Amino acid sequence: MKHVGVWLSASLFLAASSARAADKVSFGTNWLAEAEHGGYYQAVADGTYAKYGLDVTIVQGGPQANNQLLLAAGKLDFYMGGNLLLAFDAVDQNIPIVVVAADFQKDPQMVMSHPGVGLDQWTDLPKATAYIAKEGLASFYRWMETNYGFKEENVRPYTFNPAPFIADKNAIQQGYVTSEPFAVEREGHFKPNIFLFADRGYDTYATTIETRTDVVAKQPDIVQRFVDASAIGWYNYLYGDNSKANALIKQDNPEMTDEQIAFSIAKIKEYGLVDSGDTLKLGVGAMTDDRIKSFYDSMVKAGVVKPGLDYKKAYTLQFVDKGVGLDLRPK
């Protein structure tokens, strides 16, 4: 009878949600529409947000957009953060933004190398020329230097063009596991070795959901519904029919191809970016204090984040770790 009561309560909640006017919510992404945003597009496409009483508009990011600034200014309700470093920086600058969920358990950031030229193991890579962007040099590359002996003198600027890496067999290049290897396979006609930082101790969360502290304080119900519906969106995108979500992605970003989307989804699954580790018991979006402290400590050690920062202001566990959507995982 207890289970029946829970089912009835959930049904009444959803019925009440659909009966009243849906709450309008805007969610800004941090880049052009792609499979890495699939769970959110899925929740729009299959009506999950609507079932939770939300009318969600996804505001696409891109090279000319600054959706995090729009969030801070009150022009957006939620924002898709990249990783925890930006959240720590917000605390340092007294910007009232807080992470309420982490939909990627692993950061997709990685480096890749040519196969069969003496760069097939992680321990081989510090000797290679490294194509790294300025932002990477100031963040994850400091961690690579501190923990694994990489050297700044080997770095060359990465301009988001794979041609220099493809031409130099003794080089490594940064990228996202879901994206840059696809470009190399297509343009270089070989499969690069992939070295995911998350599998080597770079334990930040990624693809976070951020909102303002005033939204958490004044509208916690909307935050909870958005976090829960987004988690369900991710389960359905990865394990269900995602065709309508992909159509919306291509509608927002006409340059996105079916081949790129399929590649990205395969890598998300292969590397457990969304659904692995703590999510297996706590559900998609999971976060823990220990994990965030571990990443903060490693960034202090690497000189990326200042010691003494009140980093716990950067996030809240209020809305996650409730097991929402676990029943949607393949048995």
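Predicted model: local features only at pLDDT ≥ 70, side-chain atom pairs only at ≥ 80, totals over all residues.

User: Thanks! What does helix α7 lie across?
Analyst: Helix α7, residues 140-148, lies across the strands β5, β6, β7 and β8. Its direction is at about 150 degrees to β6.

User: What is the strand order in the open sheet?
Analyst: The order is β7-β6-β8-β5-β9, five strands with mixed pairing. β7 (155-157) and β9 (193-196) are at the edges with a single partner strand each, so one side of each has no neighbour in the sheet. From one strand to the next, the twist averages 30 degrees.

User: How many bridges join β5 to β9?
Analyst: Four, and the two strands run antiparallel. As one example, V111 has F195 in β9 as its bridge partner.

User: Switching topic: which residues have the most contacts inside the largest nonpolar core?
Analyst: They are F88, V111, W122, Y141, M144, F226 and Y237, in a core of 93 residues. Helix α11 (residues 220-239) gives the largest share of this core, with 11 residues.

User: And H37, is that buried or exposed?
Analyst: H37 counts as buried, because its relative accessibility is 0%. H37 is in the loop between β1 and α2. Not counting residues up to four places away in sequence, H37 touches T29, N30, W31, L32, M80 and W234.

How values were computed
Residues numbered from 1 in each chain as written. Heavy atoms only, no water. Pairing = 2+ DSSP bridges. Axes fitted to C-alpha atoms, helices over the stretch in contact; angles between N-to-C directions. Contact = heavy atoms within 4.5 Å. Core = buried A, V, L, I, M, F, W, Y, C linked by side-chain atoms within 4.5 Å. Buried < 20%, exposed > 50% of the residue type's maximum accessible area, 1.4 Å probe, protein only.
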